[in-house]
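Hi,

Here is the structure I said I would pass on. Have a look at it first, and my notes follow below.

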Amino acid sequence: MFIFRTGLSCAMACAYLGGAIGADPGLGHDATEAEISAMDISVPPSGAGLPAGGGTAKEGETVYAAKCASCHGAGGQGKPADRLTGGIGTLASKQPVKTVNSFWPYATTLFDYIRRAMPFNAPMSLTNDQVYAVTAYILAQDNIFGSGERLDATTLPNVKMPNRDGFVDRSAIR
């Protein structure tokens, strides 16, 4: 009897879905070029496509305190979320400290991640100037970028992260 009821339930569900699949639910539309452009905010390691704007570590300190410190701690030291700073020179040790500043190979990736995903409770809510400033602030914590320098689309791709050469370039492997 159980098999019969299960089979009957499956048959009824398939019959219902069969009718629904053929019907146009009227949802969605083809994306326009403007909609695609607004969502295409990726920034590769080269920095191609970085937006206009800029900021300094001093400006970033204020934004970081208001938008980031509650999760990443004062100066990027972590708690409750991941630590962002410190750990430089520890990757080959028995207790490596993997942070943005010690592990990530490109500063442009930091900018891209902050712009796209932070703050956690309001992703994509920071202006480009705020993202540049917070990026400068995080990098300045470990003296990767000068605290008085302006970070922008020209200077950001030139920042050399401490672990830049710690990765294998798979595009060169054939």
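A quick definition before the details: a polar contact here is a pair of N or O atoms within 3.5 Å, where one must be able to donate a hydrogen and the other to accept it. Please also keep in mind that this is a predicted model.

With that in hand, take Asn 163, which sits in the segment after β2 (150-152). A polar atom of its side chain is 3.0 Å from the backbone oxygen of Phe 103. Is Asn 163 buried or exposed? Asn 163 counts as buried, because its relative accessibility is 12% and the cut-off for buried is under 20%. Leaving aside residues up to four places away in sequence, Asn 163 touches Leu 91, Ser 102, Phe 103, Trp 104 and Pro 105.

Next, the largest nonpolar core. It has 28 residues, and Ile 114, Leu 139, Leu 151 and Val 159 touch the most other members. The elements giving two or more residues to this core are α3, α6 and α7, and α7 gives the most, with 8 residues. Leu 151 has contacts that include Tyr 132, Leu 139, Phe 145 and Val 159, and also Gly 53, Gly 54 and Gly 55.

Finally, the largest pocket, with a volume of about 440 Å³. Its lining has 24 residues, and the closest to the centre are His 72, Asp 82, Leu 84, Tyr 113 and Met 118. Two or more lining residues come from each of α3 (57-67), α4 (69-72), α6 (107-117) and α7 (128-140). By class, the lining has 16 nonpolar, 4 polar and 4 charged residues.

Cheers

Technical notes. Residues are numbered from 1 along each chain as its sequence is written. This is a predicted model: local features need pLDDT of at least 70, side-chain atom pairs count only at pLDDT 80 or more; totals for chains, interfaces and linings use all residues. Side-chain values use heavy atoms; hydrogens and water are left out. On a 1 Å grid over the protein atoms alone, a cavity is a set of points where a 1.4 Å probe fits but cannot get out, and a pocket is an open set with protein on both sides within 12 Å along at least five of seven lines; lining residues have an atom within 4 Å of a point. Grid points are joined across faces, edges and corners, and a volume is the space filled by probe spheres set on the points. Helices (H or I, at least four residues) and strands (E, at least two) are DSSP runs, numbered from the N terminus. Ala, Val, Leu, Ile, Met, Phe, Trp, Tyr, Cys and Pro count as nonpolar, Asp, Glu, Lys and Arg as charged, and the others, Gly among them, as polar. Buried means under 20% relative accessible area, exposed over 50%, partly exposed in between (1.4 Å probe, protein chains only). Contact means heavy atoms within 4.5 Å. A nonpolar core is a set of buried Ala, Val, Leu, Ile, Met, Phe, Trp, Tyr and Cys residues joined through side-chain atoms within 4.5 Å.
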